[in-house]
Amino acid sequence: MTTRYNKLSAFSYYRKKSEIKFAATSRKSKIVNRKSTLLLIFASQHNNTNMNYFSSDFKLGILGGGQLGKMLLSETRKFDIQTYVLDPSAEAPGRIACNYFEQGDLMDFETVYRFGKKVNLLTIEIENVNLDALQKLEDEGLPVYPSPSTLKMIQNKGEQKDFYVHQSIPTASHERFTHIEALKTAIKNEVLEFPLIWKSARFGYDGKGVKVLRSMDDFTGLPQGECIAEEMIPFKMELAVIVARNVSGEIKTYPVVEMEFHPEANQVEYVICPARIPENIAQKAREIALQVSQAFNHVGLLAVEMFLTNDDEILINEVAPRPHNSGHYSIEASYTSQFENHIRAILNLPLGNTDSKAAGIMVNLVGEEGFSGPVIYQNIENILAINGVTPHIYGKKETRPFRKMGHVTIVNEDLSKARKIAEEVKNTIRVISN
Ligand code: AIR
């Protein structure tokens with residue numbers, strides 16, 4: 001496979017601290033801008049100045065009530081906005097913080113459609129939701145952010161990768177397969193060669209649905225369905241940029257963060273803000289993230305994950321159209337958290353300041369290997385004794401190996417001190433079961 005180091009379409013920008021306003025000049029971007037104008041007209045229909053979200057009858061619906069929903073709900077409670085949450089688990093973490101909770105299958109058309117009929121605006125905290133129901137709700141006039149058409153492009157990793165290629169957004173090369181047997185045949189016929197990254201086209205998250213393939217043996221246990229094979233890129237670092245964009249098109253980026261991964265679980269262990277990279281690379285990463293957000297015509301938060309290659313190229317890995325693990329540090333370390341900015345963006349309110357107040361590091365607390373069952377968090381008191389350390393416990397009753405059960409934020413003026421404390425936190429807390 002060859003890498004496509006696609007050139008970015010021509011654009012110009014001007015930058016005022018964290019706020020990078022983007023003026024697209026390519027033909028494609030003009031098309032996007034026309035769509036934005038339509039969005040604006042739509043926005044003015046549903047989101048007029050008389051709309052009062054605060055302490056009113058307005059109802060915000062959220063599909064998913066996991067940890068991301070729970071953290072979003074802290075913001076809606078701050079603003080006293082009424083919330084309705086749908087989640088498959090009766091014990092969803094977000095249940096305690098919403099006004100109305102419903103248990104139901106997010107992939108079921110009728111369940112999602114009927115839930116959507118109860119609210120004034122609908123958003124998501126997980127991508128795996130029934131898109132036909134969202135489309136019908138949007139067609140019937142319900143504002144849905146991110147829009148079903150944006151979600152459709154992102155939900156299927158094959159479509160997402162094709163989109164980058166069509167938009168000339170730099171990304172690792174890939175091939176799509178309707179079935180895993182077709183991928184095996186491509187390797188046997190020497191159309192593709194190891195090593196490769198296998199990604200399930202749908203339903204992967206939190207390290208699930210991704211595997212490095214180095215030999216035919218690595219196919220053991222992989223699901224049969226639609227997938228992509230990606231070129232394995234040698235990279236220095238994995239970076240992420242969260243973009244917030246409101247209905248009117250106001251757009252801001254958070255600082256570039258660096259993600260350190262667990263070698264086996266393919267999961268982020270530490271998120272470091274700001275990334276320890278030169279300013280010109282950080283600037284380039286933010287520009288590419290803006291380009292991606294504009295291209296998707298996205299409303300809400302878009303987390304853009306990237307590789308910084310050995311020769312300082314930036315390639316898009318994938319995006320998530322919602323609050324993201326790489327932005328959890330923002331609750332303590334930023335002027336405005338990613339969750340507050342998601343709410344501001346989808347309600348078409350002015351976006352908050354995305355700058356950091358201090359360096360921030362997030363440590364993921366995942367279930368320890370070898371333990372499944374009712375969760376016990378060991379040694380939390382010990383880490384609470386350290387300055388600048390805040391644990392977030394998600395409230396999932398059951399732990400499983402590598403399940404995201406919480407995170408800890410470390411805030412410090414000095415990033416290298418924060419990184420040392422993060423290591424201490426990681427080595428102190430244990431997420432286990434009896
Ligand atoms: N989530 C959604 N996409 C990626 C992640 N991590 C969050 C959402 C979702 C929860 O993970 O908050 O509701 C599901 O976690 P679990 O452990 O029950 O699978």
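The model is a predicted one, in which local features need pLDDT of at least 70 and side-chain atom pairs count only at pLDDT 80 or more, while totals for chains, interfaces and linings use all residues. Residue numbers start from 1 along each chain as its sequence is written.

The protein chain holds 12 helices and 22 strands, taken as DSSP runs numbered from the N terminus (helices are H or I with at least four residues, strands are E with at least two). Of its 434 residues, 42% count as buried; a residue is buried if 20 or more other C-beta atoms, placed from the backbone, lie within 10 Å of its own, exposed if 12 or fewer, and partly exposed in between. Among contacts in the chain with a separation of 6 or more, 63% come from residues 24 or more positions apart, where contact stands for C-beta atoms, placed from the backbone, within 7 Å.

The largest nonpolar core has 96 residues, and Val271, Val292, Val304, Met306 and Ile361 have the most contacts inside it. Such a core is a set of buried Ala, Val, Leu, Ile, Met, Phe, Trp, Tyr and Cys residues joined through C-beta atoms within 7 Å. Beyond its neighbours within four places in sequence, Met306 is in contact with residues including Leu239, Ala285, Ile288 and Ile316. A second, separate core of nine residues includes Phe177, Trp198, Ile228 and Ala229.

Strand pairing, which requires at least two DSSP bridges, links strand E13 (residues 257-262) to strand E11 (residues 235-245) in antiparallel fashion through three bridges, with Glu238 opposite Met259. E13 also runs antiparallel to strand E14 (residues 267-273), over five bridges. E13 and E14 make a hairpin with four residues between them, and Asn266 in the turn has a positive phi of about 50 degrees.

Elsewhere, an open antiparallel sheet has the order E20-E18-E22. Its edges are strands E20 (398-399) and E22 (430-433), each with a single partner strand, so one side of each lacks a neighbour in the sheet. Strand E18 (residues 373-378) pairs with E22 over four bridges, and Val375 faces Ser433.

Finally, two cis peptide bonds deserve a look: one joins Phe194 and Pro195, with omega about -5 degrees, and another runs from Cys273 to Pro274, with omega near 5 degrees. Pro274 sits in the loop between E14 and helix H8 (279-296). Ser55, a residue other than glycine, has a positive phi near 45 degrees and counts as exposed, with 10 C-beta neighbours inside 10 Å.

Terms used:
Two residues are in contact if their C-beta atoms, placed from the backbone, lie within 7 Å.
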